[in-house]
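Subject: Structure for you to look at, with notes

Dear colleague,

Please find the structure below, together with the sequence. My notes on what was found in it follow directly after.

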Amino acid sequence: VSPRLSFDGANLTAPNGRIVLAAVETGSWEFDSTTLDAETRYGDLRLSNSTSVDVSGEGGGELFVFGRRLFLESGSTLLSDTLGDEPGRGIVLSTTELIDVRGLSGDGLFSSGFFATVGPDARGDGGDILVESDRLVVVDSSILGADTFGSGNAGTLTVRASEVDTRNSFWSGTSFGTATGRGGEMIFEVD
């Protein structure tokens, strides 16, 4: 928790655990919060240059991001993949103004995005992804996914926003290859 959070080429991992990133300028913060507090003033979060925040594991951990604006750029990713038999717990992204996902890594190999994927040998169902913001921008080769490669079903990707701007990006709720699980569902609640 900090007024502004910036990660440049970082790797944050908590296998099957919990990571909470909260940019709080003024007000109070409860570490176990799962929603924004109307009395709190939030700051910006920027993840750049292939930064990875990963809670993947046996059941896929919990990843929460709270702030005013979230910038996920140049190949940076948020991951909560289910790799075993336990159900995934998923990702919550909640900002007051903007979530901006864009661009490839410097070498062009990795897209910015967020994923709750069921791995090839996993039987547990994937976690859900909840995205809440006034404005969501997903552009420039970004990828968002609630997919399965295994027998577990993929979770649901829910977007709640006043405005969604998406172009030159890939949104996936797929059951890939030999997967027997169901691909993810996508729900858009846009004003």
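To begin with one side chain, R46 lies over the face of F71, at 4.2 Å from the ring centre; a charge is taken to sit over a ring if NZ of Lys or CZ of Arg is within 6 Å of the ring centre and within 35 degrees of the ring normal.

Please keep in mind that this is a predicted model, in which local features need pLDDT of at least 70 and side-chain atom pairs count only at pLDDT 80 or more, while totals for chains, interfaces and linings use all residues. Residues are numbered from 1 along each chain as its sequence is written, and side-chain values use heavy atoms, with hydrogens and water left out.

As to the overall build, the chain has 0 helices and 16 strands, where helices (H or I, at least four residues) and strands (E, at least two) are DSSP runs numbered from the N terminus. The C-alpha atoms fill a box of roughly 50 × 35 × 35 Å along the principal axes. Of the 191 residues, 54% are buried, where buried means under 20% relative accessible area, exposed means over 50%, and partly exposed lies in between (1.4 Å probe, protein chains only).

An open sheet of 6 strands runs in the order β2-β7-β9-β11-β13-β15, with parallel pairing; two strands count as paired if DSSP finds at least two bridges between them. Because β2 (11–13) and β15 stand at the edges with a single partner strand each, one side of each is left without a neighbour in the sheet. Strand β13 (residues 143–145) is joined to β15 by 3 bridges, and the two run parallel; here L144 stands opposite W171 in β15.

The aromatic rings come next. Rings of Phe, Tyr and Trp (its six-membered ring) pair if their centres lie within 6.5 Å, and planes under 30 degrees apart count as stacked, over 60 as edge-to-face and the rest as tilted. By this rule there are 5 aromatic pairs. The rings of W29 and Y42 have centres 6.4 Å apart and planes at 85°, so this pair is edge-to-face. It links distant parts of the chain, with W29 in the loop between β4 (24–26) and β5 (41–42) and Y42 in strand β5, 13 residues apart. Both W29 and Y42 are buried, and ring pairs link W29, Y42, F64 and F66 into a cluster.

In the pair of W171 and F188, the ring centres are 5.3 Å apart and the planes are at 50°, so the pair is tilted. W171 lies in strand β15 (residues 170–172) and F188 in strand β16 (residues 185–190), so the pair ties together parts that are 17 residues apart in sequence. W171 counts as buried at 18% relative accessibility, whereas F188, at 43%, counts as partly exposed.

A161 counts as buried at 6% relative accessibility, and, leaving aside residues up to four places away in sequence, A161 touches S133, D134, E189, V190 and D191, contact meaning heavy atoms within 4.5 Å. R167 counts as partly exposed at 46% relative accessibility, and with the same exclusion of residues up to four places away in sequence, R167 touches V138, V139 and D140.
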